[in-house]
Every structure is written in structure tokens, then in C-alpha cells.
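Student: Hi! Could you walk me through this structure?
Tutor: Happy to, let's take a look together.

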Amino acid sequence: MQYRLLGTSGTAVSTHCLGTMTFGAEADETTSGEILTTFVEHGGTFVDTADVYSAGASEEIIGRWLAAHPTDARQLVVATKGRFPTGDGPNDLGLSRRHLRDALDASLRRLGVEHVDLYQMHAWDALTPVEETLSFLDDVVAAGKISYYGFSNYLGWQLTKAVHVARAHRFARPVTLQPQYNLLVRDIEHEVVPAALDAGMGLLPWSPLAGGWLTGKYTRDAPPEGATRLGENPQRGMEAWEARNADDRTWRVIDVVRETAQAHDATMSQVALSWLGQRPAVTSVILGARTVDQLVDNLAAADLRLTDDELAHLTDVSAPVADDYPYGAPGVAQRERNLTGGR
């Protein structure tokens, strides 16, 4: 396992982060505990959860594991999130001071801790002033309830606005952003990645295997079946079968991932994770696993070294589709400058 700093903070985290959305749902408590133990045994130090994962059960399972493993617990950097509904009332969601106060206290109780290392705003809230959210976060940093804070699923302008509001008010600054990012989903490179680089924030990509597409488990024009996420629900959210199957780019990317994996006697998952871990601004890649075997396979990506040519081939074949302006070649050309001048 390798380690990097958490954004601009001085805290080190493993370059693979254990995502725990499966805890209490696709993985029962026994399996979840085994996954946690295996992750730590492989040098993992960073665990990510959220108050809405399995309606709080994920945090509870982690909390019981932390209590049963106090020595390992001291080495873990624990992250959770708040924003989505935790009840049916009008104030049971959002990024208001009122909701975040209740949500953070509830997360701390479920985790059985007095503070969390990283508290993340799970999504943008168009109704709450940014100043209100950041003021609350600054207060709980000062109170010792959280060490750092970050965002998840923010657009580039939202991230930049929050950074500059924090700077203007001399609030504690955000250190991370958690976006969807993988070889099939690279649109964040247009605006979000540059915004994160400008702010010095670390990226914590979720869905690094595109919901299983980059593992090679699916075959073109053959609808998925069996005990996989798409086998159980082919219309599942952003990973839905029909749209991705119909996109030629999907299969061009998968073919190159497969060829690269064969050249290294590695799995396709390891290739996809290795590529992502070397992208600009990426601090730690979030791994979600239903089983210990899945986790062990993914963790082996830390030892896979792709050549410069292989990285370039993967990057080229998976290039995000963009119109000519402002994200295509003409727009990009306007943002560049030749240091020596000229027309």
C-alpha cells in the first residue's frame, strides 16, 4: 500500500480507501467485519461511509468494529457524509446548520467516536447559503468534532465558490472532493478536476470500476444476468445496461483494459484502478466490495505498474466526448498560451 496526503492537509491516507456503502446491505455484518480486517491487514488506513448508507447501518457496523479493534482503530482515518434525508421532515435533509448539527451528532453516535477525521457534504444544497454551511463546518472543526471537511458530487463552480467563500471569511478550508470518476466517466476533467487542482484539493473517486463494467463481467449485446448489480437490476441508475451497451466507446475502452490486463497477467479491475490512481489530483480511490475476494483483487492494483505507453493508450481511448466549444479542441486551444508568442 502507498500513502498520500489528504489534499492540502498534513494527514496521510492510503491510496486506496475502503468504501462501505455495501455494509449492512450487500454485505452482512460478519462479511463487513472481515472486509475491514482484510483492508487493514493490507495496509489500508482510510475508510469512507455516510449516514444514509443502509439507513445508518454502515456507520453502526464500522462503529462496532472500531470498538472491537482499538489498536487498528487508532490508525484509521474515518470519513463520513451528511446532506441526504435522514427522516421525513422538511429539515431532515440539506446543508443547513440545523440539519448538519443533528446529522453529525447522529453519525458520531453510530460510529461510537467523539470526532471524525473527514466530514463531507454529500451533495450541493441550492437552498442553503454557502456561508451558513461553511460557518457550521468551521465551528465543528474548532470544537474538535471533525478534523477536516470536504465535498461530494459538486460541480466545478460550486467547489470554487465554496473555496473562495471559505477564504474570504477565514473559515477552515475544504481539503477533498469525492466525485464519480473512472475510465468510462471522465467528464469531470472539463471543469471539476481543474477546479480541484486550482484549490489544492484531493480527489476521492467513487465508482472507479463504473459499477462493474470495467471488470469485464459483461459481454456486448448480452443482457446481464445472475447475482450482479446489473443482473439484478439492468436499469440501475447511471450504470444502466442499455445506454452503455449501445455506446461503442464503452466497448473500445473495455477492449483496451482487457488487452492491458492480459499483458500484465492482471485483472481488468486492477488495470482500471491503477490508471485512475495516477490521474491528476487523485488522493485515494474508493473501493467498494461485496466480498473479501473482491477487495483483495482490487487491492492488488497498488502493485501494478503500467507503462507510459499503456497509460497513454488507456487515456486516449477513454477520452471524454466533447463538443467543439468550449471543451473540444477549439476551446482548449483558446485556453492555452505559447510562451514565445506568435500568431
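**A chat about strands and helices**

Tutor: Let's start with Asp48, which lies in strand 4. Helices (H or I, at least four residues) and strands (E, at least two) are DSSP runs, numbered from the N terminus. This is a predicted model, where local features need pLDDT of at least 70 and side-chain atom pairs count only at pLDDT 80 or more, while totals for chains, interfaces and linings use all residues. Residues are numbered from 1 along each chain as its sequence is written, and side-chain values use heavy atoms, with hydrogens and water left out.

Student: Is Asp48 buried or exposed?

Tutor: Asp48 counts as buried because its relative accessible area is 2%. Buried means under 20% relative accessible area, exposed over 50%, and partly exposed in between (1.4 Å probe, protein chains only).

Student: Which side chains does the side chain of Asp48 make a polar contact with?

Tutor: One is Lys81, at 2.7 Å, and another is Gln120, at 3.0 Å. A polar contact is a pair of N or O atoms within 3.5 Å; within protein, one must be able to donate a hydrogen and the other to accept it, and residues adjacent in sequence count only if both atoms are side-chain atoms.

Student: What about strand 5, how many of its residues are buried?

Tutor: Six of the six residues in strand 5 (residues 77-82) are buried. Val77, Ala79 and Lys81 point one way, while Val78, Thr80 and Gly82 point the other. In a regular strand the side chains alternate between the two faces of the sheet.

Student: Which strands does strand 5 pair with?

Tutor: Strand 4 (residues 46-48) runs parallel to strand 5 and is joined to it by three bridges. Strand 6 (residues 116-121) also pairs with strand 5 in the parallel sense, over four bridges. Two strands pair if DSSP finds at least two bridges between them. As an example, Thr80 has Tyr119 in strand 6 as its bridge partner. Between strands 5 and 6 the chain passes through helix 4 (residues 97-111), in a right-handed β-α-β crossover. Right-handed means that, with the strands pointing away from the viewer, the path from the first strand over the helix to the second runs clockwise.

Student: Why does Leu100 count as buried?

Tutor: Because its relative accessibility is 0%. Leaving aside neighbours within four places in sequence, Leu100 is in contact (heavy atoms within 4.5 Å) with residues including Gly82, Tyr119, Met121 and Thr133. The C-alpha atoms of Leu100 and Thr133 are 8.2 Å apart, although 33 residues separate them along the chain.

Student: New topic: which residues have the most contacts inside the largest nonpolar core?

Tutor: Those are Tyr119, Leu134, Phe151 and Leu214, in a core of 82 residues. Apart from that core lies another, of 10 residues, among them Cys17 and Val77. A nonpolar core is a set of buried Ala, Val, Leu, Ile, Met, Phe, Trp, Tyr and Cys residues joined through side-chain atoms within 4.5 Å.

Student: Last one: what caps the N-terminal end of helix 10?

Tutor: Asp247 does, with a side-chain oxygen 3.0 Å from the backbone nitrogen of Arg249. Following helix 10 (residues 248-264) comes Asp265, whose phi is positive, near 55 degrees.

Technical notes:
The expected span of a helix is 1.5 Å times one less than its number of residues.
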